[in-house]
Amino acid sequence: MRNVLLSLLSLLLVATPELSAQSITGQISGTLIDPTGAVVPGAKVQLVNDLTGQPREFTTEPNGAFIFTDLVPGDYTVRVSVKGFKSYQQKAINVSAQEKVALHDMKLEVGDSSSSI
């Protein structure tokens, strides 16, 4: 019986590093562009978990890119607001474990930020 327990313990210790290397989170990324295709730096991007309502914010990089990491699996809404452009919203973006969702180029329309698309 003791040998069986030692074998099981050894097996568990060997399997543990492999299990800890796996991630259960995902990510969402994208790039904001204007109607001419130029990038939009400094825009406020908000990501909201549709189930919990918990928001996260990111300001786009000089290349117009944003990325949200360590997201628990579920559905999310992305909202963008920047002066001189209409507000942008994309709902029901599903993220699974270990999934990298790329929204690619998100085209903003010129207009008042109180307007939305």
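Mentor: Helices here are DSSP runs of H or I with at least four residues, strands are E runs with at least two, and both are numbered from the N terminus. The model itself is predicted.

Trainee: What order do the elements of the protein chain run in, from the N terminus on?

Mentor: They run α-β-β-β-β-β-β-β. That is one helix and seven strands.

Trainee: Which strand holds Phe58?

Mentor: Strand β3, which spans residues 55–59.

Trainee: How many aromatic pairs does a search of the whole structure find?

Mentor: Two. One of them joins Phe58 and Phe68.

Trainee: What makes the pair of Phe58 and Phe68 an aromatic pair, and what is its geometry called?

Mentor: Take the distance, then the angle. The ring centres are 6.1 Å apart, and the limit is within 6.5 Å, so the rings pair. The planes stand at 65°. Over 60 degrees counts as edge-to-face, so the pair gets that name.

Trainee: How do you know that the pair links distant parts of the chain?

Mentor: Look at where the partners sit. Phe58 is in strand β3 and Phe68 is in strand β4 (residues 65–71), ten residues apart. Their C-alpha atoms are separated by 7.8 Å.

Trainee: Which residues do ring pairs link into a cluster?

Mentor: Phe58, Phe66 and Phe68.

Trainee: Is Phe68 buried or exposed, and how do you know?

Mentor: Its relative accessible area is 1%. Buried means under 20%, so Phe68 is buried.

Trainee: Why is Gln46 called buried?

Mentor: Apply the cut-off again. Gln46 has a relative accessible area of 18%. That value is under 20%, so Gln46 counts as buried.

Trainee: Where is Gln46 found, and what does Gln46 touch?

Mentor: Gln46 is found in strand β2 (residues 44–49). Leaving aside residues up to four places away in sequence, Gln46 touches Pro55, Arg56, Glu57, Phe68, Thr77, Val78 and Arg79.

Trainee: What share of the 117 residues of the protein chain counts as buried?

Mentor: 31% of them.

Trainee: What share of the contacts with a separation of 6 or more comes from residues 24 or more positions apart?

Mentor: 60%. A contact here needs heavy atoms within 4.5 Å.

Trainee: What does the accessible surface of the protein chain come to?

Mentor: About 7500 Å², with 56% belonging to carbon and sulfur atoms.

Methods
Residues numbered from 1 in each chain as written. Predicted model: local features only at pLDDT ≥ 70, side-chain atom pairs only at ≥ 80, totals over all residues. Heavy atoms only, no water. Phe/Tyr/Trp six-rings, centres within 6.5 Å; stacked < 30°, edge-to-face > 60°. Buried < 20%, exposed > 50% of the residue type's maximum accessible area, 1.4 Å probe, protein only. Areas by Shrake-Rupley, 256 points an atom, 1.4 Å probe, with all protein chains shown as cover.
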